[in-house]
Amino acid sequence: MKLYFSIFLALLSSVIVVFIMLPIAATIGLQFQDSEAFASALSDEAVWKSILLTYYAALLSTLIAVVFGTPLAYILARYSFPGRSFIEGIVDVPVVIPHTVAGIALLVVFGSNGLIGKFSPVKFVDALPGIVVAMLFVSVPLYINAAKEGFASIDVRLEHVARTLGSSPPRVFFTISLPLAIRHMAAGSIMAWARAISEFGAVVVIAYYPMIAPTLIYERYLSAGLSAARPVAVILILFSLFVFVVLRVLVRGGDVSESES
Amino acid sequence: MSLKVRAEKKLGKFSLDVDFSMEGGYCVVLGPTGAGKSLFLELIAGIIRPDRGWVRINGQDVTKLPPERRGVGFVPQDYALFPHMNVYRNIAYGLRGLEKGEMDRRVKEVAKKLGISHLLDRNPRTLSGGEKQRVALARALVIQPRIMLLDEPLSAVDLRTKEKLMDELKFVQSEFEVPVLHVTHDLIEAALLADEIAVMMDGRIVERGELRKLFSSKNEKVAEFLSARNLFEKLSSLL
């Protein structure tokens, strides 16, 4: 009976693993039958430019998420106040709205005639800042929720004791809360970064140019079909796999050193 | 040293309303779970502020002072050692601003007195319950507090360790010449440690004095809470 149950679990699980793996593996596999197109995409400057732009913009958006999201995560984890649930709800809004809608909403604010865009010396439409705000909008909930969970998991008595030992609230934050939540914050940053890299819908509305990799792939698909889009997609998949596998190993390396110390 | 508290604090449906004073020695606040004992210590430490009333330490009104300026040593339940620092850094945490040599001297001195010099490089996670308590005591004592506040310090250890740790708590009070305010729900702890016992129920100090006096309390709730005494009599009749 127990064996049957294990087989049952394994079967259902494999369906989902295959479902995720198959499109990715097939895309990569089929590409090797057309190595010429792959090689030409590899030497295409526009491809690398778009990939680097994607990673760079996502990095900027993640940095902004960390700087402004960490205090919010701490407040939400530590204090109860009227309207907290409302703010938590607002933080989750970008997760539940379609990303094209997010893009349009951002355009209303950051567009050339938008609420902020009208007065801002920084240009958002079809510019790097536009890409960054779109990425930030869709990815910041992931960071805030992870950091909030990190702060909430710290026993509040550690902070109380630190206070009685002569530390002001800022010092308690930087010497106790932050170091203890750093792993959650790191995991949240990676998730937010990954989410920002994968964003297309919101970005394409506010900043079609300069092209991030997902936009470039979409544009090549529309203009020249699957055979033109696929090599670029494969490069993006391989590059992303490489970056995130390395990050995972680094984070796990941190785990090992912590449990040994 | 003197500690005087006359304060009220409402938290939801619970209200703490205490009138308490002690002049040094070892005082145990005894009461059932949910009586407000931890809240009472947090009020003295400055972690929560009273809605009304005041807290005075050595005559100084500290009601409006934040915890970092009250000079109290606080050992919460389960000790709350900083898990990302080794024992040495845990103890040294409160000594920021001191010159490095002086800091080192004070950490080592308190560690020696409490017999934990060999643990200074260890991670708190690897310590036994008794060792954790000694580190938490050292961390609080090293700042030379005016009073030590201990919140159920013996609730996380087994009976044998408890016996040993009680001796240590007494030793701490006399060796460091610091008054101790210890809260617990455990009658044996109170009986064996306290110079004076205060009984707390439903957020109020309802009785205080020596153990014998408490047993003859006319307060029904106190009598009921202390009825554990009958259990001991039954136990001893079995032996």
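Predicted model: local features only at pLDDT ≥ 70, side-chain atom pairs only at ≥ 80, totals over all residues.
Two strands are said to pair if DSSP finds at least two bridges between them. By that rule β4(B) and strand β5 (residues 60–61) of chain B are an antiparallel pair, since two bridges join them.

| Strand | Partner strand | Direction | Bridges |
|---|---|---|---|
| β1 (residues 3–11) of chain B | β2 (residues 14–22) of chain B | antiparallel | nine |
| β4(B) | β5 (residues 60–61) of chain B | antiparallel | two |
| β3 (residues 26–30) of chain B | β8 (residues 180–184) of chain B | parallel | five |

**The six-stranded sheet**

Chain B also holds an open sheet of six strands, whose order is β6-β7-β8-β3-β9-β10 and whose pairing is mixed. Why is one side of β6 and of β10 left without a neighbour in the sheet? Both β6 (72–75) and β10 (204–209) of chain B stand at the edges and have a single partner strand each, so one side of each has no neighbour in the sheet. When direction is ignored, neighbouring strands of this sheet are turned against each other by 20° on average. The helix α4(B) packs on the sheet, where α4(B) touches β6 and β7 (147–151) of chain B, and the direction of the helix makes about 165° with that of β6(B). Within the sheet, the parallel strands β3(B) and β8(B) are joined by five bridges, and B:Tyr26 has B:Val180 in β8(B) as its bridge partner.

**Nonpolar cores**

The largest nonpolar core has 71 residues, and those that touch the most other members are B:Phe40, B:Ile44, B:Ile91, B:Ala138 and B:Leu149. The largest share of this core, six residues, comes from helix α4 (residues 129–141) of chain B. If its neighbours within four places in sequence are left aside, B:Phe40 is in contact with B:Leu16, B:Val18, B:Val29, B:Val183 and B:Met200. There is also a second, separate core of 50 residues, which includes A:Leu107, A:Val140, A:Ala147 and A:Phe151.

**Chain A**

Chain A has 11 helices and zero strands, and its C-alpha atoms fill a box of roughly 70 × 65 × 35 Å, taken along the principal axes. Of the 261 residues in chain A, 33% are buried. Among the contacts in chain A with a separation of 6 or more, 77% are between residues 24 or more positions apart.

Is A:Phe19 buried or exposed? This residue, which is found in helix α1 (residues 2–32) of chain A, is exposed, because 9 other C-beta atoms lie within 10 Å and the cut-off for an exposed residue is 12 or fewer. A:Phe19 and A:Phe173 are 154 residues apart in sequence, and their C-alpha atoms are 44 Å apart in space.

The average pLDDT of chain A is 92, and 96% of its residues score at least 70. Among its elements, helix α6 (residues 128–152) has the highest mean pLDDT, 97, whereas helix α11 (residues 226–260) has the lowest, 79. Over residues 256–261 of chain A the pLDDT is below 50, and beyond near neighbours in sequence this stretch has one contact in the model.

**Where the chains meet**

Between the two chains, 16 residues of chain A are in contact with 15 residues of chain B. On the side of chain A that touches chain B, the elements that give two or more residues are α7 (156–164) and α8 (169–197) of chain A, and the largest share, seven residues, comes from α7(A). The residues on this side of chain A divide into seven nonpolar, six polar and three charged.

Terms used. Residues numbered from 1 in each chain as written. Chains lettered and ligands numbered in written order. Core = buried A, V, L, I, M, F, W, Y, C linked by C-beta atoms within 7 Å. Buried ≥ 20, exposed ≤ 12 C-beta atoms within 10 Å, placed from the backbone. Helix = DSSP H or I, 4+ residues; strand = E, 2+ residues; numbered from the N terminus. Contact = placed C-beta atoms within 7 Å. pLDDT = per-residue confidence, 0-100. Nonpolar A, V, L, I, M, F, W, Y, C, P; charged D, E, K, R; others polar. Axes fitted to C-alpha atoms, helices over the stretch in contact; angles between N-to-C directions.
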